[in-house]
Amino acid sequence: MVERYVMSIDQGTMSTRCILFDHQGRLVSVGQREHEQYFARPGWAEHDPAEIWSHLRRVVVPRALDGAGIRPEQITAIGIANQRETTVVWDRRTGVPVGHAITWQDTRTSGYVEELRRTTGDDFFLERCGLSPTTYFSAPRLRWLFDHVEGLRERAERGDVLFGTMESWLIWNLTGGPDGGLHLTDATNASRTMLMNIRSLTWDDELLAYFDVPRAMLPEIRSSAECYGMASALLPNVPICAALGDQQAALFGQTCFATGEAKCTYGTGSFLLVNTGTELVRSRHGLLTTVGYKVGDEPPVYALEGPIAVTGSLVQWFRDRLGMIHSAPEIETLARGVEDNGGCYIVPAFSGLFAPHWRSDARGVIVGLTSYITRGHLARAVLEATGWQTREVVDAMNADSPRPLRQLKVDGGMTSNNLLMQFLADVLDMPVVRPMVSETVSLGAAYAAGLASGYWPDLEGLRRNWHRAAQWMPTMDPARRETEYENWRRAVERSLGWARS
């Protein structure tokens with residue numbers, strides 16, 4: 001009998017990966033390629049969607065297939081996870097992007113967002129899409145493009161150009177592109193645009209009118225796990241059966257299927273989500289209400305989310321911009337060379353602060369510098385910034401939820417740093433648990449696709465695949481924990497109000 005696999009395509013902020021999984025949820029083969037990061041002006045962050053599609057087609061998928069020694073016909077289904085909110089507009093007839101994709105990190109719309117909050121307020125948006133206006137979401141970027149690309153809105157009204165987040169762009173290309181490509185998204189990604197009604201899971205007429213977005217350019221909203229259609233390019237006749245925003249995919253991959261279960265993914269940024277079930281919970285402490293996942297015709301499962309903009313990218317900055325280390329793993333060795341941070345704190349508000357502050361006027365600060373501080377102290381402060389930002393989000397979640405978190409499942413590249421994981425357990429005062437498969441974004445997309453195609457029978461079957469690889473328990477003295485946290489909050493206060501529109 002020929003072995004069959006599920007393919008996951010994870011289109012992330014720094015790279016695009018293709019991973020094959022078997023019936024036990026084990027990673028079989030990986031193909032990966034980084035893409036260029038464009039920072040044309042301060043606060044701007046862009047990708048080239050044509051480059052990303054080219055990498056997927058020419059390098060990423062072929063490497064994954066070759067690594068496993070299998071043929072495309074051995075793939076049961078494809079699931080896609082993607083960096084969310086990143087905005088792509090392309091020509092329907094030629095497939096050529098209008099320009100670079102504007103990523104989720106981009107803050108060029110900060111002036112427009114401040115105007116929205118001042119003139120309209122948060123409640124209008126919260127009631128409809130569950131989100132407050134910030135530079136994080138797609139609709140303000142789409143409006144910016146209409147204001148700065150001549151004739152774009154008129155082309156959108158005619159249906160000559162299409163809008164989507166990265167999964168829409170990839171699905172359209174995989175299913176034929178200009179020759180009948182499917183233009184669709186799923187409810188998790190649509191819930192991050194500020195254009196979808198969070199209750200009906202349909203494009204909201206009032207929000208479309210408010211942002212002046214023509215319906216003709218929007219993708220069809222589907223569930224996260226259903227078979228959308230067949231790939232024609234690259235993987236002919238293989239069904240595409242799932243699409244989820246990367247953080248919702250990680251929630252699915254961590255099998256957080258019960259209300260109150262939470263995970264945090266540590267990558268370029270970090271994203272903590274807690275499953276709130278079929279109940280729509282409106283945060284009063286700076287978190288986002290979002291769609292967690294929707295399986296076929298079943299009711300949507302919602303989540304509260306606390307996104308942190310800069311965590312892994314702070315280590316990258318420490319390595320590439322400051323030249324303090326040669327590789328990311330070196331930071332743990334450097335940080336272990338000192339006992340503590342020496343009184344130094346780094347608030348990495350490179351693109352403002354996300355949850356729970358939502359301050360686009362914040363900028364990064366290093367406080368507590370003295371002649372005593374060494375590279376080791378700075379390395380420790382870099383890692384501790386991730387821990388303290390997570391603590392802020394967990395505190396907000398506990399304030400919003402009737403069920404306080406009792407443990408945190410973690411995944412992503414930064415979880416290989418044992419010093420950081422222990423610090424997380426210490427500052428959160430709860431167990432931190434890492435699964436055997438740390439690539440849970442890719443695994444979640446594979447699980448959803450395998451569920452829709454019948455490769456896996458049900459959610460309980462997926463739960464049985466989850467196995468603990470490591471656990472960290474809190475050991476920090478409570479008095480020290482609270483003193484250090486107070487110092488962190490004082491540092492955050494000093495980052496606020498620096499940038500002016």
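Predicted model: local features only at pLDDT ≥ 70, side-chain atom pairs only at ≥ 80, totals over all residues.

Trainee: At what angle do helix 1 and helix 6 pack?

Mentor: Two packed helices are described by the angle between their axes and the distance between the axes. For helix 1 (residues 49–68) and helix 6 (residues 166–174), the axes are 11 Å apart. The angle of packing is about 55°.

Trainee: Which term describes how helix 1 and helix 6 lie to each other, and what is the handedness of the crossing?

Mentor: The angle is about 55°, and helix 1 and helix 6 are therefore oblique to each other. As for the handedness, the crossing of helix 1 past helix 6 is right-handed.

Trainee: Which residues make the contact of helix 1 with helix 6, and how many of them are charged?

Mentor: Helix 1 contributes Pro49, Ala50, Ile52, Trp53 and Leu56, while helix 6 contributes Met166, Trp169, Leu170, Asn173 and Leu174. By class, nine residues of this contact are nonpolar and one is polar, and the number of charged residues is none.

Trainee: Which residues of helix 14 meet helix 9, and how does the contact divide by class?

Mentor: On the side of helix 9, the residues are Asp246, Ala249, Ala250, Phe252 and Gly253. Those of helix 14 are Thr440, Val441, Leu443, Gly444, Ala445, Tyr447, Ala448 and Leu451. By class, the contact of helix 9 with helix 14 divides into nine nonpolar, three polar and one charged.

Trainee: How many charged residues are in the contact of helix 12 with helix 16?

Mentor: Helix 12 (residues 375–400) and helix 16 (residues 478–495) pack at about 95°, with axes 11 Å apart, and are therefore roughly perpendicular to each other. Glu384, Ala385, Trp388, Gln389, Arg391, Glu392 and Asp395 of helix 12 meet Arg481, Glu482, Glu484, Tyr485, Trp488 and Val492 of helix 16. Besides five nonpolar residues and one polar residue, the contact of helix 12 with helix 16 has charged residues numbering seven.

Trainee: Which element gives the largest share of the lining of the largest pocket?

Mentor: The largest pocket holds about 1,100 Å³ of space, and its lining has 44 residues, with Met14, Tyr266, Gly267, Thr268 and Gly413 nearest the centre. Among the elements that give two or more residues to this lining are strand 2 (15–21), helix 9 (246–253) and helix 14 (440–453). The largest share, five residues, comes from helix 10.

Trainee: How many residues of the lining of the largest pocket are polar?

Mentor: The lining of the largest pocket includes 13 nonpolar and 10 charged residues. The polar residues number 21.

Trainee: What is the volume of the second largest pocket?

Mentor: The second largest pocket is lined by 19 residues, and Phe39, Gln105, Ser313, Arg321 and Phe350 lie nearest its centre. By class, this lining has eight nonpolar, eight polar and three charged residues. The volume of the second largest pocket is about 570 Å³.

Trainee: Which residues does phenylalanine 39 touch, not counting residues up to four places away in sequence?

Mentor: Phenylalanine 39 is in the loop between strand 3 and strand 4 (46–47). Its C-alpha is 9.1 Å from that of aspartate 106, although the two are 67 residues apart in sequence. Beyond four places in sequence, phenylalanine 39 touches Trp44, Ala45 and Arg321.

Trainee: Which residues does a cis peptide bond join?

Mentor: Most residues other than glycine have a negative phi, and most peptide bonds are trans. In the loop between strand 17 (345–347) and strand 18 (365–367) lies proline 356. With omega about -5°, the cis bond joins alanine 355 and proline 356.

Trainee: What is the phi of glutamate 85?

Mentor: Glutamate 85 lies in the loop between strand 5 (75–82) and strand 6 (88–91). Phi of this non-glycine residue is positive, near 70°.

Definitions and conventions. Residues numbered from 1 in each chain as written. Heavy atoms only, no water. Axes fitted to C-alpha atoms, helices over the stretch in contact; angles between N-to-C directions. Helix = DSSP H or I, 4+ residues; strand = E, 2+ residues; numbered from the N terminus. Parallel < 35°, antiparallel > 145°, perpendicular 65-115°, else oblique. Left-handed = near helix turned anticlockwise from the far one by under 90°. Contact = heavy atoms within 4.5 Å. Nonpolar A, V, L, I, M, F, W, Y, C, P; charged D, E, K, R; others polar. 1 Å grid on protein atoms, 1.4 Å probe; cavity = no way out; pocket = protein on both sides within 12 Å on 5 of 7 lines; lining within 4 Å. Points joined across faces, edges and corners; volume = space filled by probe spheres on them.
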